[in-house]
Amino acid sequence: MTDTLAPALHLTPEQTELRALVRKALGDGDAELSRVTQLLATAIGAWGLALPERYGGADCTLAEVAVVAGELGRALSPVPYLAGQLAARAVLLTGDTDAHARLLPGLAQGRTAALAWAEAGSWEPEAVALEAVPGPDGSDWLLAGGKEHVLGADGELLLAFARTGAGLALFELLEAPHIELPPALDPSRPLGRCTFAATRARLLGTPGAPAARVLARTRDEACALLAAEQVGGAERCVELTVEYARTRVQFGRPIGSFQAVKHRLADMYARLESARSAARAAAVHPERYGALAKSVCGEAYEWIAGETIQLHGGIGFTWEHPAHRYFKRAHATGQLFGPPARHRARLLADRLAALDAPGLR
């Protein structure tokens, strides 16, 4: 019997063409950030890929967004694409048609945005303690507390999950909180710290279970997109290492001809392909494979980036070679949205809950 949730593990012709367009736009990574961002947003329409056409999007799926994320990860691009996509997806998932009409057209055109939900070092919904209370006029809400590890915190639009008397809720900030950008392991991706003190905000959607479902789905999609980005970075690490092994000569032979080096390159490739399969599965069914991909791809990227430095020898440890940048990105993204062990535990809990369903007892 065919599994209707079995994902396609190969890119479609359209996705392959999209990948080529994004790779060309990114070039060698030396182009001005604002120019690349504008090119991706307008000429390619990358920001609106998964948004409805009536709001300026292309009505594609998360799988197409993952293609773009993979290329950005491959180039270690600082373009704030992931942050904007998470904000747009959260708005879309609320089902709030007024918010859709107000916010999605701008997001589809590349308006920078951020989604804040991590607190106390955790991305778990239970960790959300930011307090939201109705404002004195009854229309706006006031937020008090803090958020950390916020991607794109200095963007034009900030959304935040907070806790109301009815449960979790998603809010659009109407005024800016105090924002800090502390030093980051990966300087190409700073993570902000936001402090709210009676900061005015507008409620999106409905508090309680609906908002909790929005957060759960957004987390799965965040894991899927980050996994695609990690695979892109790991892929580039393998390419750099294979090329170096072909051209670096020791004892009169390319080092890639030595069996020990061959074995390590083969291990890198095997890990990359396993991660690629997990990432593509998550891009199609994030609710089913998101936690799996976050765990597999994060650990694979960290290991491959470490091997890249080792197999490059002395030059791999220098500041001039990009290997250290991939190593930093790998370890930073390994912790973003929660470490692999946390997602394995979440995956196990979901599977055990499914086995305990009434029909399977």
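Predicted model: local features only at pLDDT ≥ 70, side-chain atom pairs only at ≥ 80, totals over all residues.

Biologist: Okay, is glutamate 124 buried or exposed?
Modeller: Glutamate 124 has a relative accessible area of 14%, so it counts as buried.

Biologist: And which side chain does glutamate 124 meet in a salt bridge?
Modeller: That's arginine 342, at 2.9 Å from N to O. The two are 218 residues apart: glutamate 124 is in the loop between β1 and β2, and arginine 342 is in helix α10. Arginine 342 is partly exposed, at 32%.

Biologist: How many salt bridges does the count come to?
Modeller: The count comes to 24. Take glutamate 235 and arginine 74, with their closest N and O atoms 3.5 Å apart. That pair links helix α6 to helix α3, across 161 residues.

Biologist: Are those two buried or exposed?
Modeller: Glutamate 235 is at 16% relative accessible area, so it's buried. Arginine 74 is buried as well, at 15%. Both belong to a network of salt bridges, whose members include Arg23, Glu71 and Arg276.

Biologist: Switching topic, which residues make the nonpolar surface patch?
Modeller: Leu348, Leu352 and Leu355 make it, and it covers about 320 Å². Leucine 352 is in helix α10, residues 340-355.

Biologist: What does leucine 352 count as, in terms of accessibility?
Modeller: Partly exposed, because its relative accessibility is 49%.

Technical notes
Residues numbered from 1 in each chain as written. Heavy atoms only, no water. Patch = residues over 30% accessible without salt bridge, like charges linked within 9 Å, V, L, I, M, F, W, Y side chains within 5 Å. Areas by Shrake-Rupley, 256 points an atom, 1.4 Å probe, with all protein chains shown as cover. Salt bridge = Lys/Arg side-chain N within 4 Å of Asp/Glu carboxyl O. Helix = DSSP H or I, 4+ residues; strand = E, 2+ residues; numbered from the N terminus. Buried < 20%, exposed > 50% of the residue type's maximum accessible area, 1.4 Å probe, protein only.
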